[in-house]
Number of protein chains: 2
Amino acid sequence: MENSEKSRGGRPRAFDPEAALDAAMHLFWEHGYEATSLAMLRKAMGLTPPQIYNAFTDKETLFRRALARYHEREVGFALDALGAPVPVKEAIRLLLMGAAEAYTRPGKPGGCLFISGALATSPQAQAIADELKTYRKATEAAIAARLGKGQEAGELPANLSVERLAKYLTGVMHGMSIQARDGASAEDLRALAGIALAAWAAEMRKAADSNGETDARPVLHD
Amino acid sequence: MENSEKSRGGRPRAFDPEAALDAAMHLFWEHGYEATSLAMLRKAMGLTPPQIYNAFTDKETLFRRALARYHEREVGFALDALGAPVPVKEAIRLLLMGAAEAYTRPGKPGGCLFISGALATSPQAQAIADELKTYRKATEAAIAARLGKGQEAGELPANLSVERLAKYLTGVMHGMSIQARDGASAEDLRALAGIALAAWAAEMRKAADSNGETDARPVLHD
DNA sequence: CAGGTTTCGTATCGATCACTATGGAAAATT
DNA sequence: AATTTTCCATAGTGATCGATACGAAACCTG
């Protein structure tokens, strides 16, 4: 329910906006917001400047559109892991393993657009940096919410800080993104995620231990 | 043995190159290589363009000088943790806790220059991106070397992959850097590091278990 | 067909980018 | 003091940045 194919007269577009947006998204993903010039976009999208500006208003709007598209098409399924009807630990495992795959897809730039898109920017692009930070914080909040749900379900120790664990898990995903940028393979990232998940068992034990008994180990391996 | 204070005649400099380099480093740290313009540098360093170019050749050289200075003055002590005469687990703990502190110093930009400096760049700045990747890989290699030493000393299971554990630990540090950028406090990062280190015990146990005995636990909670 | 509307291609716009030419001023060397 | 050497400040270089003005072309509605 948006402006679908409703063209109210006038000369029709000579290009596919979706395909153009896709090309722009990949370019932003690879080079980041500021380092992606209009000349590069023009070439990759196969369009002239007026075509780009008529269809997407300006560079900033184009980037935001690319972010939304990335969110839907490239990492949506990973975040969907948090909504899967599985135990919380399995949901987190699906999330991290999904990230390992999403950050190393053949033919795609390595890492996550929400990080590569802009980390340090010029003062003029501060709004873009803030927008990406919002996406990252939303991920962290979604993880924390899932952990909280698991905690209420009794799957996690009651005295565990879901905020801190969420910050750790989000941080691990960020680290995976940079490792992917630095050439890590999907297998490398899966191994990394596996070690990160090992912290899970240890952290559960620690929380349970500090709850009273010091050496009576609860269930550990997976 | 460099060009120390040896000025072979001519008009002396009217500014302190070290202080100027320091200002440039902080600006690059905050905004990254490409987003830091000469106009910004000029203002922060309090110099005119010819002064900058005469003292530092060009922007790229200035950035590399800033990287070296950052390496020495801001994160050197953290990497020194790897050379400390302590057990390997304690060395890693010192490293991560040092990073937590270095990434959140009051009055300094959050996170690590080796990440904020350039992650996604324009094709023209590819050499800079590669240089930063080299620094990051050097960190990973140093961690792997320390782990290998600990393994030889019998402090780590013989069948443990030090490369994978090093990649995990480096990834955690990268994640901490981004979390710091997103506003995480030193305490937040210490908590994150604490959870990451909990993975340590779990990973040790996993490796030891797969080595034969399934329930004879090696030393865990230090 | 005429009128209205939208996009097209071409050729730029002013601003900012990293960088430097020029010439005089200041200090060390002779 | 004369010469040499280096740095200073002013001003401006060509290139590229994101974004547009313009008029012709292509569609819809009457």
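## Where two helices meet

In chain B, helix H3(B) touches helix H4(B): B:Ile52, B:Tyr53, B:Ala55 and B:Phe56 of H3(B) meet B:Lys59, B:Thr61, B:Leu62 and B:Arg65 of H4(B). Contact here means heavy atoms within 4.5 Å, and helices are DSSP runs (H or I, at least four residues) numbered from the N terminus. The residues of this contact divide into five nonpolar, one polar and two charged.

H3(B) covers residues 49-56 and H4(B) residues 59-73; they pack at an angle of about 65°, with their axes 9 Å apart. The axes are lines fitted to C-alpha atoms over the stretch in contact, and angles run from 0 to 180 degrees between N-to-C directions.

This is a predicted model, in which local features need pLDDT of at least 70 and side-chain atom pairs count only at pLDDT 80 or more, while totals for chains, interfaces and linings use all residues. Residues are numbered from 1 along each chain as its sequence is written, chains are lettered from A and ligands numbered from 1 in the order in which they are written, and side-chain values use heavy atoms, leaving out hydrogens and water.

## The two sides of H3 in chain A

Now look at H3(A), residues 49-56, where the buried residues are A:Ile52, A:Ala55 and A:Phe56. Seen down the helix axis, these buried residues fall within an arc of 80°, so they line one face of H3(A). The arc is taken from the directions from the helix axis to the C-beta atoms. Buried means under 20% relative accessible area, exposed over 50%, and partly exposed in between (1.4 Å probe, protein chains only).

What covers the buried residues of H3(A) includes H1 (17-31), H2 (38-45) and H4 (59-73) of chain A. On the other side of H3(A), you will find A:Pro50 and A:Asn54 exposed.

## A threonine in the loop

Just after H3(A) comes A:Thr57, with a positive phi of about 70°. A:Thr57 sits in the loop between H3 and H4 of chain A. With 52% relative accessibility, A:Thr57 counts as exposed.

In chain B, B:Thr57 also has a positive phi of about 70°, although it is not a glycine. B:Thr57 lies in the loop between H3 and H4 of chain B, and B:Thr57 is exposed, with a relative accessible area of 54%.

Note on methods
Ala, Val, Leu, Ile, Met, Phe, Trp, Tyr, Cys and Pro count as nonpolar, Asp, Glu, Lys and Arg as charged, and the others, Gly among them, as polar.
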